[in-house]
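Subject: Structure handover

Hello,

Here is the structure I promised to pass on. Please open it alongside these notes.

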Amino acid sequence: MEINEQILLQRFLAGDDEAYSQIYQKYIQELFSYGKGLNFNREIVKDAIQDIFYKVLCDRNLLANVLNLKSYFFRALRNRLYNMNRQLAPLEEIQEYEMTYSVKVTILDDLIAEEDRHALEQKIESLLNTLTDRQREAVCLRFIHEMEYDEIAAILNMTVPSARNLIARAMDHMRKENILLLLLFVRIGINL
């Protein structure tokens, strides 16, 4: 956890509501993007985020032993969305439900001219859509949300070696699918 985050967390745990507000502002957009990527509608994602932050505000001690706020909030959001979906889905569909993850590439805006950007977004989305939902989610957590393997493992409820293998298989699959896009990923700073 970075120094600023540690200070904010300590201030929040000591009762500083301004620190709570700063934590909320720091993560709200990224959490919303992640929730939308899990294919939930915007209102459900907003509700889930509000639920998480309300729960934390009501019981500050939930964060007392948290070493990484970002990872904590991503995992909490994923779990809350899953629970909300279970409550809304008919009982027989619960066993067959698997969260899907989709991504709308937006990181290229400043790197490529507008006319090329759209075509490139489509190519990257097409390539990402050749992955399984779990692979796509893991790749996005790693390269878009810049999480470490242990954080990804915690969010996806798997071991760290399993998270590494999942991402490695996804990268191998994408390498086989289109080496030119791999070169583009490297060009824009995504190290595969």
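Predicted model: local features only at pLDDT ≥ 70, side-chain atom pairs only at ≥ 80, totals over all residues.

Residues are numbered from 1 along each chain as its sequence is written, and side-chain values use heavy atoms, with hydrogens and water left out.

The whole chain

The chain has 10 helices and 0 strands. Helices (H or I, at least four residues) and strands (E, at least two) are DSSP runs, numbered from the N terminus. In sequence order the pattern is α-α-α-α-α-α-α-α-α-α. Of the 192 residues, 42% are buried. Buried means under 20% relative accessible area, exposed means over 50%, and partly exposed is in between (1.4 Å probe, protein chains only).

The chain exposes about 10900 Å², and carbon and sulfur atoms supply 49% of that. Accessible areas come from the Shrake-Rupley method with a 1.4 Å probe; for residues, only the protein chains shown count as cover. Take the contacts with a separation of 6 or more: 63% are between residues 24 or more positions apart. A contact means heavy atoms within 4.5 Å.

Helix H3

H3 covers residues 42–58. Its 17 residues should span 24 Å at 1.5 Å a residue, and its end C-alpha atoms are 24 Å apart, which agrees. The expected span is 1.5 Å times one less than the number of residues. Asn-41 caps the N-terminal end: a side-chain oxygen lies 2.9 Å from the backbone nitrogen of Glu-43. The cut-off for a polar contact is a pair of N or O atoms within 3.5 Å; within protein, one must be able to donate a hydrogen and the other to accept it, and residues adjacent in sequence count only if both atoms are side-chain atoms.

The buried residues of H3 are Val-45, Ala-48, Ile-49, Ile-52, Phe-53 and Val-56. They cover an arc of only 125 degrees around the axis, which puts them on the same side of H3. The arc is that of the directions from the helix axis to the C-beta atoms. An α-helix has 3.6 residues a turn, so residues three or four places apart point the same way. On the other side of H3, Tyr-54, Lys-55 and Cys-58 are exposed.

Cysteines

Cys-58 has a relative accessible area of 53%, so it counts as exposed. Cys-140 is buried, at 1%. The structure holds 0 disulfides, a disulfide being a pair of cysteine sulfur atoms within 2.5 Å.

Asn-68 caps its N-terminal end, with a side-chain oxygen 3.1 Å from the backbone nitrogen of Lys-70. Buried residues of H4 include Phe-73, Phe-74, Leu-77 and Leu-81.

Arg-75 sits in H4 (residues 69–88). Arg-75 is partly exposed, at 32% relative accessibility. Beyond its neighbours within four places in sequence, Arg-75 contacts Ala-154, Ile-155 and Asn-157. Arg-75 and Ala-153 are 78 residues apart in sequence, with their C-alpha atoms 9.8 Å apart.

Helix H9

H9 (residues 160–177) has 18 residues. Its buried residues are Ala-163, Leu-166, Ile-167, Ala-170, Met-171 and Met-174. They cover an arc of only 130 degrees around the axis, which puts them on the same side of H9. The face turned away from that buried side carries the exposed residues Pro-161 and Lys-176.

Best wishes
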